[in-house]
Amino acid sequence: PHPVGFSLYAPGAYIIGETAFVNEGDGGRLFKLSSTKTWEQVAPGPLNEALDDFTYNSNWENYSFAYGSKFYYYHDGTFNSVNVNNGVHETLAPFPASWREGKMSFVLGTKGYVMGGMRYTNGVFQNVNDLWEYNFVTDVWVYKGVVPGGNRSYGVTAVIDQKLYVGLGVWAQNGSRQDKHDWLLIDFSVPGTYQVLSNFPEDITGDDTYSVDNAYRRPFIVNNKIYVYKQVYSPFIGHYNIIWEYNPAND
């Protein structure tokens, strides 16, 4: 078992390289799961400070991706990496556009991607319809066009066999909002194309503890199946999770 409780306000778990890290959330302690399957507290230093930069005060969206022994994140106008093996911090090429809430990020091969999200503009939230590619080797950002399948924020992304599955989230424009139930398969080897898959079967409005923005995010993959979850609340039993499984083999 983990030695401490978790905050409800920060998604604490990250897989970086071959190691699982858990932050208590909002300035809490950092632990890693050792090769002997025991939890070890990470001593104060650059690794803790970097993780706090995107977990403290619910800034979890600033986390972008993990690649090799490094994780990459945005903080106070800079794009950064930290090596979990030695704590070395690097300030990298700046993100070329304005940062955004509810962005989606993922890794394909030797490239990381930041896609979509929303910004507060002229008194309302507006979706950002762009896709950016980051090259881990050259430290270069490249604009790759609009979000495949339409702009969205707070969507779910998962990569299997170098293909992207993306869906859910919300569309926001000019003060209007629409919950999205679609589910797409995107093959980046054929730019601009995508396949429409089975819609998500549940009504995602209403019973989640927080706003729909926070529902069904941070998916995980086991045996080539995708799992998404959200936390809901019942006055009779308190908080609990709803989990859905998606099988790409039969859609």
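**Figure 1. The salt bridge between Asp182 and Arg152 in the predicted model.** Asp182 and Arg152 are both buried, where buried means under 20% relative accessible area, exposed over 50%, and partly exposed in between (1.4 Å probe, protein chains only). The two residues form a salt bridge whose closest N and O atoms are 2.7 Å apart, a salt bridge being a side-chain nitrogen of Lys or Arg within 4 Å of a carboxyl oxygen of Asp or Glu. Asp182 belongs to the loop between β18 (176-179) and β19 (183-186), and Arg152 to the loop between β14 (140-143) and β15 (156-160), so the pair ties together parts that are 30 residues apart in sequence. Strands, like helices, are DSSP runs numbered from the N terminus (E, at least two residues, for strands; H or I, at least four residues, for helices). This is a predicted model, in which local features need pLDDT of at least 70 and side-chain atom pairs count only at pLDDT 80 or more, whereas totals for chains, interfaces and linings use all residues. Residues are numbered from 1 along each chain as its sequence is written, and side-chain values use heavy atoms, with hydrogens and water left out.

**Figure 2. The salt bridges Arg100–Asp130 and Lys111–Glu133.** The structure holds 5 salt bridges, and two of them are shown here. In one, the side chains of Arg100 and Asp130 meet at 2.8 Å, N to O. Arg100 sits in the loop between β8 and β9 and Asp130 in the loop between β12 (124-127) and β13 (131-135), so this pair ties together parts that are 30 residues apart in sequence. Arg100 counts as buried because its relative accessibility is 3%, and Asp130 counts as buried because its value is 9%. In the other, the side chains of Lys111 and Glu133 meet at 3.8 Å, N to O. This pair links distant parts of the chain, with Lys111 in strand β10 (residues 111-115) and Glu133 in strand β13, 22 residues apart. Lys111 has 22% relative accessibility and therefore counts as partly exposed, while Glu133, with a relative accessible area of 10%, is buried.

Figure 3. Trp99 lies in the loop between β8 (89-91) and β9, and Ser105 lies in strand β9 itself (residues 104-108). Trp99 counts as buried because its relative accessibility is 13%, and Ser105 counts as buried because its relative accessibility is 18%. Not counting residues up to four places away in sequence, Trp99 touches Glu61, Asn62, Ser64, Tyr74, Val114 and Arg119, a contact being heavy atoms within 4.5 Å. The side chains of Trp99 and Asn62 are joined by a polar contact of 3.0 Å; such a contact is a pair of N or O atoms within 3.5 Å, where within protein one atom must be able to donate a hydrogen and the other to accept it, and residues adjacent in sequence count only if both atoms are side-chain atoms. Between Trp99 and His75, which are 24 residues apart along the chain, the C-alpha atoms are separated by 9.6 Å. With neighbours within four places in sequence left aside, Ser105 is in contact with Tyr63, Ser64, Phe65, Tyr113, Val114 and Thr157, and its side chain reaches the backbone oxygen of Ser64 at 2.6 Å.

Figure 4. Tyr229 is placed in strand β22 (residues 225-234), and so is Lys230 in strand β22. Tyr229 counts as partly exposed because its relative accessibility is 30%, whereas Lys230, at 2%, counts as buried. Lys230 and Pro219, 11 residues apart in sequence, have their C-alpha atoms 9.8 Å apart in space.

Figure 5. The chain has 1 helix and 23 strands, and 46% of its 251 residues count as buried. Residues 24 or more positions apart account for 41% of the contacts with a separation of 6 or more. The mean pLDDT (the predictor's confidence in each residue, from 0 to 100) is 83, and 84% of the residues reach 70 or more. pLDDT stays under 50 over residues 6-11, for which the model has 15 contacts beyond four places in sequence, and also over residues 206-214, for which the model has 24 such contacts. Where pLDDT is low, the predicted coordinates should not be read in detail.
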